[in-house]
Structure formats: C-alpha cells, structure tokens
There are 2 protein chains.
Amino acid sequence: MAMKQTTNIAMKSSMSSALTFSISATSRECGARLGRVQTLHGHFDTPAFMPVGTRASIKGILPELVRQTGSQILLNNTYHLLLRPGPELVRTMGGVHRFMNWNGPILTDSGGYQAYSLADGNAVDDDGVTFRSHVDGSMVRLTPERAIEVQNMLGPDIMMAFDDCPPSARAADQPAPDDDSQDGAARPRASTDPRLAAAVRRDARKGVYDHEKRLEIANERTVRWLERCKRAHQRADEQSLFGIVQGGTDLARRSWCVERIANIDLPGYAIGGVAVGESPQDIARVVRHTAPLLPADRPRYLMGVGYERDLLEAVRAGVDMFDCVLPTRNGRNASAFTRLGQIRLRNAKYAEDQGPIEAGCDCHACDPGRYGWETPGGAPFTRGYIRHLFMVEEMLGPILVTLHNLRHFQRFMADVRSVVGSDDWTGLVARWPVAAAPSA
Amino acid sequence: MAMKQTTNIAMKSSMSSALTFSISATSRECGARLGRVQTLHGHFDTPAFMPVGTRASIKGILPELVRQTGSQILLNNTYHLLLRPGPELVRTMGGVHRFMNWNGPILTDSGGYQAYSLADGNAVDDDGVTFRSHVDGSMVRLTPERAIEVQNMLGPDIMMAFDDCPPSARAADQPAPDDDSQDGAARPRASTDPRLAAAVRRDARKGVYDHEKRLEIANERTVRWLERCKRAHQRADEQSLFGIVQGGTDLARRSWCVERIANIDLPGYAIGGVAVGESPQDIARVVRHTAPLLPADRPRYLMGVGYERDLLEAVRAGVDMFDCVLPTRNGRNASAFTRLGQIRLRNAKYAEDQGPIEAGCDCHACDPGRYGWETPGGAPFTRGYIRHLFMVEEMLGPILVTLHNLRHFQRFMADVRSVVGSDDWTGLVARWPVAAAPSA
C-alpha cells in the first residue's frame, strides 16, 4: 500500500531543471536500478559512491587523482565550510567547484548532523540548533533557512535538507567502537561515528534522554524543517534540494516520514539516520523497508553508508547514491580495503612484502603504469614500502592507501552497476567476497 | 698553481663505469658548464638541482609528480634510512630505487652530517661517530667502513664519502635563525640548520669548543676517512663514490683539502661544510675559491645549497650539482618561491585571491591543464584556496606548494642551463630577479 502511494506521489511531481535522472536498466529480481544523474557540472552514474571531502579537499589527494579513481561526484561538509573559510568566501571565490578545482558534481550535507555530533554545547530546539564553534568558541546558529542560505552560497549541485537526525538507540548503550577493521577478514559493520555516540552517552548519563520521545520529535521536526528549507531555497534552477527521511529503526516511523517527505516535490530523496550506530542488520532492515517507498523516478541517497556489504544490500533495495568516509579515513590509518576484507599495512608481517596492496587491483598504488606513471620495471608501490611510510609518518603512506581505497570502492560500484541488467549477483559476490552477507 | 695541479690529477684518472659525465658547453666568461651525468638508472642534466627525499619519499609528493616537476635525480638521507627501515630491508626490497619506486638516479649522503647535527649524545673520534638513535635510544656507530657498507646496501647511483663536517664559526655565535622567508622580498641567506646551530651552541656553552682546532682535525680526518671509504666500497661498478672537500671558510684549508681529496681518483667531488651556518658572502667566497680547484672532468657537487642566488653564484664558479630542502620544507610551511622572492600563503591578504601562486608559472598548482588535469575552465589552484587548506591543516596545501616550489627550482635550473652556452647571465637575472646579487 505504501508502495502504491509513493508511486502516485512520484507521478505528479516534476524534475528540477538543474538535475535529470535517467534509469537505463532495472533488476528483475530486486530493486536495483542502473542510472545516470545529470547536473550542470556534469554527470555521475548510479549507483554512485561519493568520497567525502570535508573541508573542500579529499585529504591528501589532488582532484585529478580523485577523478582517476573513478569518482564522479564528491561530498563536502557544510558544517566545516560554514566555520572555515565561511560561505561568503567560497561564494566570492566562485563557488565550491571553482574553489576546490573539482570539475564535476558536488553534494553538500546541511550541517545539522555535524552540529549535533561534533560541536560542544549544542542545543536542538524546534527552530534549529545552536552550537559552539570548535574553531573560535563562538556560538553558531543553524536553522533550516540558514542551512539553505549557506548551501546556496557554497553552490553545490545537490544540497541536503536541514533535518533533525537523532542518534540510534544502540549508540546510547554501547561503548565507543574500536577501529573496526580486521586484518584478513571482512567484518562489515555500521560506520558509527564515535563522537556522536559519545554525545549520546553524555546525554544518557545525565538521565535526560528518552529515545522514543526524541525520535518522534525529530521526525516531526524533519518534516516541518523540510518545508522551510524548500521555501528558503533561492537557486532551484541551479541547485537541487534533496529531502531526508528520518525515523530511526522503527519501520512505522519511517513509513510515516516517507509519506510526508515524498509529498514535498523535490529532485531527490535521502534516507538519513542509519549510519549513527546501528547494526548492519538494522541498516539493512530499515533500507529494505524505506527505499522502495521513495519516489521511483528520483535518485535515492543513503547517507553515510558504508561497507561493501551495506552498499550492496542498499543497491538491491533500490538506493542510487552513497557517501562514506571509510576509504579515506581508514586509508589514512593504513587500513587497506581488498576483495577479501581490510588489511592493516602497519602489521610487521608486511615489512618485507614486495607485492602490491592487492594483486589484480588497478589503482595508482597497485598498478601505477595504468596511469602512465614511470616506475622501475612498471612495479607497484609495495606493501613493504607503504608500511615503511606509515612507520616513519610520511604523508605518502596515507596518500597511497587512500588512492587504493577510493579505487576499491569505485571498482566495486562499477561492478555493481555492471550486474544490474543481468542480475548476476552471485557472480558479483564471487568477485567481491567482502560483500557477501554474513553466514547465519 | 692549485688549478694546474688538479687538472693534472684529473687527467691521469679514469671514470667509473657506473657514471659518465659529458660536458656539452662551457661559459666563456665564467666557470659554468652545461653537461649530463649518465648513471645505470638514467641521466640527469647539469647544473642539476636534487630534491631531498629524506626517508625515501619526497614528503607528500608521488614520484611521478616529482618527475613531472623536471626533477631527474633525488637525494635520500643515509642517517634516516639507517635507523628506519634499516639498510638490510632496503636491500631485500631491491634497493632504494625499487623501494621508493623512483625510476631515475638517486644520491645518498653518508649519514655523518645528520649523526652530528640531529642525534643526541653524539661523539666524534678519529675512527667515526657514535650517536644515540632518535628512534629507539640505542647507540649507533658510524665509521667510514660502515657508512659505505650501508650505502652499498641502499644501492644509490651516487654515494657520498663519510666526512667530518664541522659547524661554521658563525653557527656557534648566532641565535637559531627564524624562518627566513620574507613576503614579497627576496632575502637569500644560508640555509642554516637550526638543530646543528643548537648543537654548536651547546658545545660553546660548555666551553669545550675550539673552532680552529676543530676545523684542522676535521680536515685531516676527512682525508683519512675518504681513503678508508674508497677501500671499503664494494660496488664501484654500480655505484659512484664522491669525495667531499672540507675546510670551513679558511681558503688555505680548502686548498689543502682539495689537493689531498682530488688526489684520490673518484668519479665526482663535493664541496661540503658550506650550508652549516655561513653567510651568503662566505658561501660564495668559498665556492668561488674551491670549485675551480676540483677536477674539471668530474661532476662537482655543492652540498645543501641553497637559494637561487647561491645556486647561480656556484654554477658560475663551476659547480654542477645541488641539493636543498628549501623547496620542500618551505612549501610545507606555506612559503612559495616566486621569481621575485618568497610569499607566505597563510597571509590574510591572500584569503580572497583568485590568482595562481605565481602568474606565468607552469607548475601543477598554477597551470594544472599543462599536466592534462581537468579543472573548471582549466583554472589554477588559487592562492585563496591554498590559504584555506593551510588554515584548516589540510595535507593538500603542503602538497600544492611543494609541487610549485620544486617546479620553481627546476625551471630556474633549466633556465640556468639554457644560458651557459650564450653567457646571457644578464637576461637570466632579468627573468629571475630573486637570483640577483644583493646591492652593495
């Protein structure tokens, strides 16, 4: 019933002139779609993975090298750019594309999630959030109107609604997670932000936190704030505003939110609040429930997810866009993604290893010749050398592993796109064991 | 007389099979020579500037991008590689070229200079130097034999003799220098290593330091140690050992040392001990005196120098090779070299500057299109964006300015090479005002 409803909603809406979404193939056995999103700054193929360039830079990676990994669209964080260098400066410099010299589409989040999870002294109310700047200690106010104004100044192709993203119930209970990569084994899990979890635990210790109440309030606010965001949006002919569905892990709340959010005509919709501490099982359950409810002719974006297995689950549920810090953040910490899971390149066993990070990989580190790079005998950067770079804290270590990890995710997504038409999901998982569902 | 002597010495010597040096043009009005050094790992054109890759990495710069700046030969530091990852590991990994994936010539220093200036608890005696490792606190011993053994294991094309490099008289007297770059003004000076100066001041405070005595001892040791280095060298068919002339700023001592050093038949010779705290005037005086005394048919290498003006002075005195940390170290600190002098990109006046670091520069940052890089409208990375990167401590800031600075030095050296045949030194300095001699 919900499915039918949202389809009707989709039918009566019109696309923004700044964004077109075309679907070229759909799965016969699941919700997966192969598509392309066209923006005023170029296109990206879907399902798409967006690297995260928090401060208008993918840490340590020149934009041209990011492009060469197969990345077509980047994400920047409004919260960070709001504080430094400020949206007025970015506008003066010609907008965020010109500012960071990225010749392709860019998406920004709304800043709300970071304002809640990163800032001290934050306070959410019905009108917005007030937080203390981690840069200069000043109090900063974000409202739906201000979040849109800031994103209108930054100038991304896709801007996200200002929502109220409550933490997961799980984040309030569990200890801060360790780094969750495991050498030689694939152990996908939610990419819990430890700072968000810490904020929730602080609230819980103070005894002020009622999770169910918080979810209900957040859901209602998210809908009201989206209406305000749309009214405030000044550049709909150039920038596409996406709405965000909240509702935690309560499927009824998700349905409630989708009905209201999808009733507001927008060029795309996102599923929020699933990368804030949930188990992979909960993520999958929420996404399988929510994605099909969203308008079928609009791109669907799952925010902040995730590991390969999470991505595959979500693609099969009908999601088209993803972002995650995993390839970049883990890369800077010497953790390299492979088809069999992550490996920790600081491990002493790699000290004399003359092999590439992953045999058969075509990234800059594993196959520099593919990029026209001259190396002795066309050899790869070895695990042994990369380990050395990390042990002596040379920047080139994080750079090489980040390049590898970005290429890993983009190769995986390209392979995902290649099987949507044929539905050879078994073959896909055979090539990417890391993406297999866990054994029961 | 000294000139005649050394020329005779050169005539009776033979070149190493691992290195050939051909001179294609010489100046009619000064000592400058245009040449090429061929090694088993490729050639480099002289006069040549070598970037410094201390730990087998040019900090933050992929080897292919280093190559694209016009760099043809790199320097690695034996002291650092001795401590981490150790020469045995580098040998196991196929030698330093393969280890760092640099497809061109590499030169290593001997480790002596760093052992003296960086290590705590160091003690020089007639047989070598003992120092405490800054990595694990263990005591490490370097002798001429060990320095050569280590370099034989590392496998560079050119290896340096283990010398006794005393600090300058000036280093003992003056305070540690501030960062010596000046916004908008060219103020070349010696690239004093503040750690070396500090070590000297410690000795001076203890009242144990007699500079003249120290110079005399160092000079004699340097000659004796060179003989031991040559005897210890096991791979003369693959690696070329260069001798080093010491003698401080005392020209008679320099002559004394040259006579003895040049009497030992080697494929190249270096002038050491002039980047340890001297004034530009002292550097020029020593180099003008010493370079012409060295064998004319061997490459002459001025160690650790320097600013553009110092390089030009030395080229005109007959020097063929240089290394210096200035482009990389200053680049990491937001100081960009231009034809008119260094500019500090953290300066607030650049916040909204949409121009490149330097108009007309063809580096990766100023003219990314030259390298086939896609940017919006082929635009440069702007001063404003680069300032932002430094203000928020993004790695890409040091990367972009390092690339610019390396290209600046390589463009300068290419222009220097272009005028050796024509002797249009006036035109060169008109194009590079930063290289002009200071007004009297």
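Helices (H or I, at least four residues) and strands (E, at least two) are DSSP runs, numbered from the N terminus. Keep that in mind for every label on this tour.

This is a predicted model, in which local features need pLDDT of at least 70 and side-chain atom pairs count only at pLDDT 80 or more, while totals for chains, interfaces and linings use all residues. Residues are numbered from 1 along each chain as its sequence is written, chains are lettered from A and ligands numbered from 1 in the order in which they are written, and side-chain values use heavy atoms, with hydrogens and water left out.

**Stop 1: a loop in chain B**

Select Glu393(B). Glu393(B) sits in the loop between helix H15 (383–391) and helix H16 (396–420) of chain B. Its phi is near 60 degrees, a positive value in a residue other than glycine.

**Stop 2: both chains**

Two copies of a chain are related by a rotation about an axis and a shift along it.

Now colour the interface. Contact means heavy atoms within 4.5 Å. Chain A gives 52 residues and chain B gives 52 residues. The copies meet through the same surface, because 100% of the interface residues of chain A are also interface residues in chain B.

How much area do chain A and chain B bury between them? About 4700 Å², 62% of it on carbon and sulfur atoms. Buried area is the accessible area (1.4 Å probe) that two parts lose on being put together, summed over both. Next, pick Leu62(A), Asn101(A) and Met395(A). In chain A, these three lose the most area to chain B, together 14% of what that side buries.

**Stop 3: two cis bonds in chain A**

Zoom to Pro47(A). The peptide bond from Thr46(A) to Pro47(A) is cis, with omega near 0 degrees. Pro47(A) is in the loop between strand E3 (42–46) and strand E4 (48–50) of chain A.

Move on to Gly306(A). The bond from Val305(A) to Gly306(A) is also cis, with omega near -5 degrees. Gly306(A) lies in the loop between strand E13 (300–302) and H13 of chain A.

**Stop 4: H13 and H16 in chain A**

Select residues 308–317 and 396–420 of chain A, which are H13 and H16. Their axes come within 11 Å and cross at roughly 25 degrees. Axes are lines fitted to C-alpha atoms, for helices over the stretch in contact, and angles run from 0 to 180 degrees between N-to-C directions.

Show the side chains. Glu308(A), Leu311(A), Leu312(A) and Val315(A) in H13(A) meet His408(A), Phe409(A), Phe412(A), Met413(A) and Val416(A) in H16(A).

**Stop 5: H12 and its neighbours in chain B**

Select residues 280–290 and 308–317 of chain B, helices H12 and H13. The axes come within 9 Å and cross at roughly 15 degrees. Pro280(B), Ala284(B), Val287(B) and Arg288(B) in H12(B) meet Arg309(B), Asp310(B), Glu313(B), Ala314(B) and Ala317(B) in H13(B).

Leu251(B), Arg254(B), Ser255(B) and Val258(B) in H11(B) meet Arg285(B), Val286(B), His289(B) and Thr290(B) in H12(B).
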